[in-house]
Amino acid sequence: MGMCLPCLSGAEDDVAVTPDPETRRRQLADAAEKRQKETTYRGIKNPEALERKKKKQEETEKQTMNSVPSGGGGLKK
């Protein structure tokens, strides 16, 4: 029985330390976000340019919606 004790003396150093639940949750959320981003931009060479184009298109749509008068564009009675 005394033969096993020298083997177990270094076992404490070999155990992997698991992070606390909050850190683990954050790591999992970051990994999920990264995977989602990779699948969203799969096949797109320049995702930054695509984002700029989308923002510009949204701004022009918003401007056109604001330039159309609301309620006053119908037929007169």
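How many salt bridges does the structure hold? The structure holds 1 salt bridge, a term for a side-chain nitrogen of Lys or Arg within 4 Å of a carboxyl oxygen of Asp or Glu. The model is a predicted one, in which local features need pLDDT of at least 70 and side-chain atom pairs count only at pLDDT 80 or more, while totals for chains, interfaces and linings use all residues. Residues are numbered from 1 along each chain as its sequence is written, and side-chain values use heavy atoms, with hydrogens and water left out.

The chain contains 4 helices and 0 strands, arranged along the sequence as α-α-α-α. Here helices (H or I, at least four residues) and strands (E, at least two) are DSSP runs, numbered from the N terminus.

The salt bridge joins Arg 25 to Glu 22, with 2.8 Å between the closest N and O atoms. Both residues belong to helix α3 (residues 21-40), and because they are 3 residues apart there, about one helical turn separates them. Glu 22 is partly exposed, its relative accessible area being 48%; buried means under 20%, exposed over 50%, and partly exposed in between (1.4 Å probe, protein chains only).

Helix α4 (residues 47-67) has 21 residues and reaches 30 Å from its first C-alpha to its last. This is close to the expected 30 Å, a span defined as 1.5 Å times one less than the number of residues. The number of buried residues in α4 is 0, so the helix lies largely in the open. Across the chain, 3% of the 77 residues count as buried.
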